[in-house]
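This report describes selected local features of one protein model. Please have the sequence and the coordinates open while reading.

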Amino acid sequence: MTLLLAGDIGGTKTILRLVEVSNSSELHNIYEESYQSGDFPDLVPMVQQFLVKANIPSHPEKACFAIAGPVVNNTAKLTNLVWFLDTERLAQELSIPLISLINDFAAVGYGIFGLTKQDLFTLQAGKHQPEAPIAIIGAGTGLGQGFLIKQGNQYQVFPSEGGHADFAPRNELEFQLLKYLLDKHDIQRVSVERVVSGQGVVAIYQFLRDRKLAIESPEIAQVVRTWEQQAGQAEKTVDPGAAIGKAAVQGSDRLSEQTLQLFIDAYGAEAGNLALKLLPYGGLYIAGGIAPKVLPLIENSNFLLNFSQKGRMRPLLEEIPVHIILNPQVGLIGAALCAARL
């Protein structure tokens with residue numbers, strides 16, 4: 001048995017997990033803890049505290065940490081923390097011989113192979129091809145995109161910055177949204193991430209509200225106004241995106257329902273754009289925190305219509321398997337699987 005340490009390192013929260021790998025390459029979770037990232041000056045004292053509390057007889061031989069930010073030359077600087085991580089320093093100070101840092105969305109790519117059927121909701125069965133590429137897209141705080149290519153008996157994960165490609169409106173309402181965002185932020189272009197993400201949910205709500213396309217409810221209006229008044233502050237006391245999504249699922253606020261309808265239409269269209277570029281007959285996986293929370297809306301929406309509505313290419317896209325990842329710890333699972341491969 002080989003002992004591994006896996007970590008999902010976020011600007012707000014960090015989850016650490018000890019995992020044993022059997023000779024048959026099966027992973028067995030041993031111990032797990034969550035920490036507030038800002039309570040520690042660096043990852044090292046957090047891991048040291050974690051290992052003491054775990055009280056295990058042996059020491060991890062390998063470790064992989066999924067980072068909420070770019071990883072360059074085995075180093076990473078977290079977006080919302082003062083931490084600067086370097087694999088050589090971490091290996092020396094933690095006495096773990098093999099350590100890897102990977103982008104958190106790349107960890108999702110690895111994590112796909114540790115999911116069960118219960119961790120997935122299939123939107124479109126398609127026609128799975130085992131040797132074909134796999135695509136991942138996920139709206140959360142931002143919009144992550146990536147892909148996997150099979151090399152020998154394993155897949156290699158490739159991150160992407162596709163979320164920063166241009167938002168492509170397809171109808172009059174979306175063209176109005178584009179102009180609204182250009183004028184509101186005084187910018188020259190709008191990325192698809194500005195629309196298909198948590199911040200995009202709020203932006204769409206503000207657009208529909210300001211265009212008076214639906215009446216606000218007092219409850220959601222108060223949450224959004226509070227958030228707008230806290231603009232520029234490091235910490236917000238409310239989460240308007242979550243409130244809008246919850247109200248839309250419950251059907252308690254018409255403006256929120258219209259917001260999620262436009263959001264899901266744009267999400268499906270962008271997923272289709274990614275699928276066109278990769279033809280991922282190995283599957284397109286929808287990750288991120290938003291999709292599972294609004295699953296009933298996606299299931300009963302035009303997501304798949306917008307996904308496949310690509311002119312003559314429609315028959316191709318209708319054969320691509322499309323799955324929503326329900327397990328929020330897919331990144332942590334991916335970090336463990338990546339550590340096992342070191």
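The sections below cover the basis of the values, helix packing, individual helices, aromatic pairs and backbone exceptions.

## Basis of the values

The model is predicted; local features need pLDDT of at least 70, side-chain atom pairs count only at pLDDT 80 or more, and totals for chains, interfaces and linings use all residues. Residues are numbered from 1 along each chain as its sequence is written, and side-chain values use heavy atoms, with hydrogens and water left out.

Helices (H or I, at least four residues) and strands (E, at least two) are DSSP runs, numbered from the N terminus. Buried means under 20% relative accessible area, exposed over 50%, and partly exposed in between, with a 1.4 Å probe and protein chains only.

## Helix packing

Two packed helices are described by the angle between their axes and the distance between the axes. Axes are lines fitted to C-alpha atoms, for helices over the stretch in contact, and angles run from 0 to 180 degrees between N-to-C directions. Helix H1 (residues 43-54) packs against helix H2 (residues 87-94) with the axes 10 Å apart and at an angle of about 35°. The crossing of H1 and H2 is right-handed; a crossing is left-handed if the near helix is turned anticlockwise from the far one by less than a right angle, and right-handed if clockwise. On the H1 side the contact (heavy atoms within 4.5 Å) involves Leu-43, Val-44, Val-47 and Gln-48, and on the H2 side Arg-89, Leu-90, Glu-93 and Leu-94.

Helix H5 (residues 198-210) and helix H6 (residues 218-229) have axes that come within 12 Å and cross at roughly 110°. H5 and H6 are therefore roughly perpendicular; angles under 35 degrees count as roughly parallel, over 145 as roughly antiparallel, 65 to 115 as roughly perpendicular and the rest as oblique. H5 passes H6 in a left-handed crossing. Val-202, Tyr-205, Gln-206 and Arg-209 of H5 meet a set of H6 residues that includes Ile-220, Val-224 and Trp-227. Helix H7 (residues 240-250) and H8 have axes that come within 8 Å and cross at roughly 100°, so H7 and H8 are also roughly perpendicular to each other. In this pair, Ile-244, Gly-245, Ala-247 and Ala-248 of H7 touch Ser-256, Glu-257, Thr-259 and Leu-260 of H8.

The 25 residues of H8 should span 36 Å at 1.5 Å a residue, and its end C-alpha atoms are 36 Å apart, which agrees. The expected span of a helix is 1.5 Å times one less than its number of residues. Leu-255 lies in H8 and is buried, since its relative accessibility is 0%. Leaving aside neighbours within four places in sequence, Leu-255 is in contact with Tyr-205, Leu-208, Arg-209, Ala-214, Ile-215 and Glu-216. Leu-255 and Gln-206 are 49 residues apart in sequence, and their C-alpha atoms are 9.8 Å apart.

Ser-256 can be set against Lys-184: the two are 72 residues apart in sequence and 20 Å apart in space, C-alpha to C-alpha. Lys-184 belongs to helix H4 (residues 172-185) and counts as partly exposed at 41% relative accessibility.

## Aromatic pairs

How many aromatic pairs does a search of the whole structure find? The search finds seven. In one of them, the ring centres of Tyr-267 and Phe-303 are 5.8 Å apart and the planes are at 70°, so the pair is edge-to-face. Rings of Phe, Tyr and Trp (its six-membered ring) pair if their centres lie within 6.5 Å; planes under 30 degrees apart count as stacked, over 60 as edge-to-face and the rest as tilted.

Both Tyr-267 and Phe-303 are buried. Together with Phe-263 they form one aromatic cluster.

## Helix H13

Helix H13 (residues 330-341) has twelve residues, which should span 16 Å at 1.5 Å a residue; its end C-alpha atoms are 17 Å apart, which agrees. Ten of the twelve residues are buried, so H13 is mostly covered. Among the buried residues are Val-330, Leu-332, Ile-333, Leu-337 and Cys-338.

## Positive phi outside glycine

Asn-73 has a phi near 50°, a positive value in a residue other than glycine. Asn-73 sits in the loop between strand S5 (71-72) and strand S6 (75-77) and is exposed, with a relative accessible area of 70%.

Leu-279, also not a glycine, has a positive phi of about 45° and comes just after H8. Leu-279 lies in the loop between H8 and strand S13 (284-287). Its relative accessibility of 32% makes Leu-279 partly exposed.
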